[in-house]
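Visitor: I am new to this structure. Please show me how to read it, one feature after another.

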Amino acid sequence: MTSLEQLTSTPLFGVAATVIFYAAAQLLNRKWNWLHPLFLTAGGLIVLLVLCGIPYEEYKGGGDIVGFFLGPATVALAVPLYESLKRLRGKIRAVVIGVTIGSLCGIVSVAVLTWALGATKDTVLSMLPKSATSPIAIELSRQLGGSPELGGVFAVLTGLLGSMLGPALLRFARVRGDIGIGTAVGTAAHGIGTARLLRDSETQGGISGFAMSLSSIITPILCIPIYWLT
Amino acid sequence: MLGLAILLGYELIGYVFHQFLGVPLPANVIGLILLFVSLMRGWVKLEWIEQPARFLLKHMMIFFAPTIVGVLVFADRIGEEWAAISISLVGSTIVVLLLTGWTTTWLAKERQRDDIA
């Protein structure tokens, strides 16, 4: 048992495990397209930790190193954003209004649903900024008086949900253009949704990244009145 | 390496803006906005950053995986309120997707089935 502990206490364990599971998830995804690689990677890692009795803190050392690259990856969204702007010209107003309405309805619908279903105040406040990117959701949950960790988890779960439901739901709802799909998924499911769209279309991914950065600015502004009320 | 240096440099500038100048946005979002402006102005050439940017974007999902594994820590809490949490998450996500999609499609006068590319 001590040898296993020695193995998992090095950050190399967390990094290697994450990359190995991700590579395996990509192979499986190539075969079965409906399997979500992020769901497979995270799910596989959770099963591994639980089955082997490895504490989350041990994994976190390496996990944080992988998660660090979310920073430069977000900055890199400037590239598809720059490229898609030429095609977006004249449609910017539509995207800005769409993102604002979507973000506002997201906050209101969460407040109404959680309140109606009797969730605790901490859960409600942590869930309000769920459609913003996780680093922003974490900060906003804290400012609103909720739990920052829970806020981050809800944001990631929302991203996962939106990226799994989004493309099919929008096709069903007759939203089929690049601008409509990109804006909707970027607003609802931030970076995870953007990553999902990027797999199929750089245009949609670029617009989604644009919507995501826009909602990262709009969501904190929309949350200011709630901050006053609580 | 130049590309990665530029990406990290912009994130660092974003961090300075956030931490020392009190801009209420996360460092990476400020970095994204600044890099976008620099590309528009021609201060940064697309070729310099294209390679690492495409690699990071293509594999963006892996960078989220560790945070999701963190759900483990909240397993009990989520277990107690799982019904309220899951219904709210699913319901609200559907609302955001549909309203944003419809509003934007309508305002952009985008034809259904028709891509702009």
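Visitor: Where in chain B does UniProt place the feature "transmembrane region"?

Guide: First, a caution: this is a predicted model. The unreviewed UniProt entry puts the feature at residues 20-44, 56-75 and 87-108 of chain B.

Visitor: What is the helix content of residues 87-108 of chain B?

Guide: That span is 95% helix and 0% strand, with end C-alpha atoms 31 Å apart. Residues 56-75 of chain B are 70% helix and 0% strand. Their end C-alpha atoms lie 30 Å apart.

Visitor: How do I read a single helix? Which residues of α3(B) are buried?

Guide: The general idea comes first. An α-helix has 3.6 residues a turn, so residues three or four places apart point the same way. Now the case here. Helix α3 of chain B covers residues 46-58. Its buried residues are B:Ile49, B:Pro52, B:Ala53, B:Leu56 and B:Leu57. They pack against α1 and α4 of chain B, and against α5, α6 and α11 of chain A.

Visitor: Where does α3(B) bend?

Guide: At B:Pro52, by about 30°.

Visitor: How many residues of chain A are in contact with chain B?

Guide: The size of an interface is often given as the accessible area lost when the parts come together. Here we count residues instead. In chain A, 92 residues are in contact with 72 residues of chain B. Helix α10 of chain A gives the largest share of chain A's side, 14 residues. By class, that side has 55 nonpolar, 28 polar and 9 charged residues.

How values were computed: Residues numbered from 1 in each chain as written. Chains lettered and ligands numbered in written order. Predicted model: local features only at pLDDT ≥ 70, side-chain atom pairs only at ≥ 80, totals over all residues. UniProt positions renumbered as here; feature names shortened; annotations may be inferred. Helix = DSSP H or I, 4+ residues; strand = E, 2+ residues; numbered from the N terminus. Expected span 1.5 Å × (residues − 1). Bend = angle between axes of the 7 residues up to and from the residue. Buried ≥ 20, exposed ≤ 12 C-beta atoms within 10 Å, placed from the backbone. Contact = placed C-beta atoms within 7 Å. Nonpolar A, V, L, I, M, F, W, Y, C, P; charged D, E, K, R; others polar.
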